[in-house]
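Student: Could you take me on a close look at the loops of this model, and at the residues in them that stand out? I'd be glad of one connected account that also sets them against the chain as a whole.

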Amino acid sequence: LGSSWRYLAEPSGPTASWTTVGFDDGSWSLGNAQFGYGDGDETTLIPFGPDRWNKYPTTYFRRSVELSTAPSQATLTLVADDGAVVYINGTEVARDNIANGPVSYSTLAATNRSGRGESAVRSFAVPAGVLRAGSNVISVEVHQDSRASSDMSFDLGLSVS
């Protein structure tokens, strides 16, 4: 939690390969978590577009992680207001408050999160074999439940053993 990430907040999503290790995110913005807007606890403020009543529904995040060996166990800790899908090396490993099925830039979170739910830390076990020795990339898409949502939050941690 609290680490540096590349992020994309624009009126459309990235290309389909954005979750893969080889994707070039060099043109994306760089900041430190916690990311978001509207709560006052953000380290990096994320732009939400020119219209506060018609905000970007999805923001994208990427971070490379180097591992000396492939872990036997790994756990993600996630803060996402309102919902998120997490990928490691292009494989979906966690879905939080997003309905099953295909996900696109315009997909909205299943429900609104408010109060303590906005900053709750949720844990997800990473399936065995997804993380490998060497370079890995974690990609996260954070979705709002409404384009008029007043706030957004994102942070993610990874523990391995």
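Tutor: Happy to. The accessible surface of the chain comes to about 7,500 Å², and carbon and sulfur atoms hold 49% of that area. Please keep in mind that this is a predicted model. Of the 161 residues in the chain, 47% count as buried. As for charge, there are 11 positive and 17 negative charges, and their mean positions lie 2 Å apart.

The secondary structure consists of 11 strands and zero helices, which reads along the sequence as β-β-β-β-β-β-β-β-β-β-β. The radius of gyration is 15 Å, close to the 15 Å that the globule rule gives for 161 residues, so the chain is as compact as a globular protein of that length. Along the principal axes, the C-alpha atoms fill a box of roughly 45 × 35 × 30 Å. Among contacts with a separation of 6 or more, 78% are between residues 24 or more positions apart.

Now to the loops, starting with Gln34. This residue is in the loop between β2 (29–32) and β3 (35–37). Gln34 counts as buried because its relative accessibility is 13%, under the 20% cut-off. Its peptide bond with Ala33 is cis, with omega at about 10 degrees. Leaving aside residues up to four places away in sequence, Gln34 touches Asp41, Glu42, Thr43, Thr44, Val79, Ser153, Phe154 and Asp155.

One of those partners, Asp41, is itself a loop residue, placed between β3 and β4 (44–45). Asp41 has a relative accessible area of 38%, so it is classed as partly exposed.

Asp82 lies in the loop between β6 (74–81) and β7 (83–88). For context, most peptide bonds are trans, and most residues other than glycine have a negative phi.

Asn89 has a phi near 50 degrees, a positive value in a residue other than glycine. Asn89 sits in the loop between β7 and β8 (91–96). With 15% relative accessibility, under the 20% limit, Asn89 is therefore counted as buried.

Asn97 likewise has a positive phi without being glycine, with a value near 65 degrees. Its place is the loop between β8 and β9 (122–125). Asn97 also counts as buried, because its relative accessibility of 16% is under 20%.

The loop between β8 and β9 holds Ser119 as well. Ser119 is partly exposed, because its relative accessible area of 44% falls between the 20% and 50% cut-offs. Ser119 and Ile46 are 73 residues apart along the chain, and their C-alpha atoms are separated by 16 Å.

Finally, let's turn to Arg147, in the loop between β10 (134–143) and β11 (152–160). A relative accessible area of 33% makes Arg147 partly exposed. Setting aside residues up to four places away in sequence, Arg147 touches Arg52, Trp53, Asn54, Lys55, Pro57 and Tyr105. With Asn54 there is a polar contact between the two side chains, at 3.4 Å. By comparison, Ser123 is 24 residues from Arg147 in sequence, and their C-alpha atoms are 26 Å apart in space.

Asn89 joins a positive phi to burial at 15%, and Asn97 pairs a positive phi with burial at 16%. Asp41, Ser119 and Arg147 are partly exposed.

Terms used: Residues numbered from 1 in each chain as written. Predicted model: local features only at pLDDT ≥ 70, side-chain atom pairs only at ≥ 80, totals over all residues. Heavy atoms only, no water. Helix = DSSP H or I, 4+ residues; strand = E, 2+ residues; numbered from the N terminus. Buried < 20%, exposed > 50% of the residue type's maximum accessible area, 1.4 Å probe, protein only. Contact = heavy atoms within 4.5 Å. Polar contact = N/O pair within 3.5 Å; in protein donor to acceptor, adjacent residues only side chain to side chain. Rg over C-alpha atoms; globule rule 2.2 N^0.38 Å. Areas by Shrake-Rupley, 256 points an atom, 1.4 Å probe, with all protein chains shown as cover. Lys, Arg positive; Asp, Glu negative; His and termini not counted. Charge placed at Lys NZ, Arg CZ, Asp CG, Glu CD.
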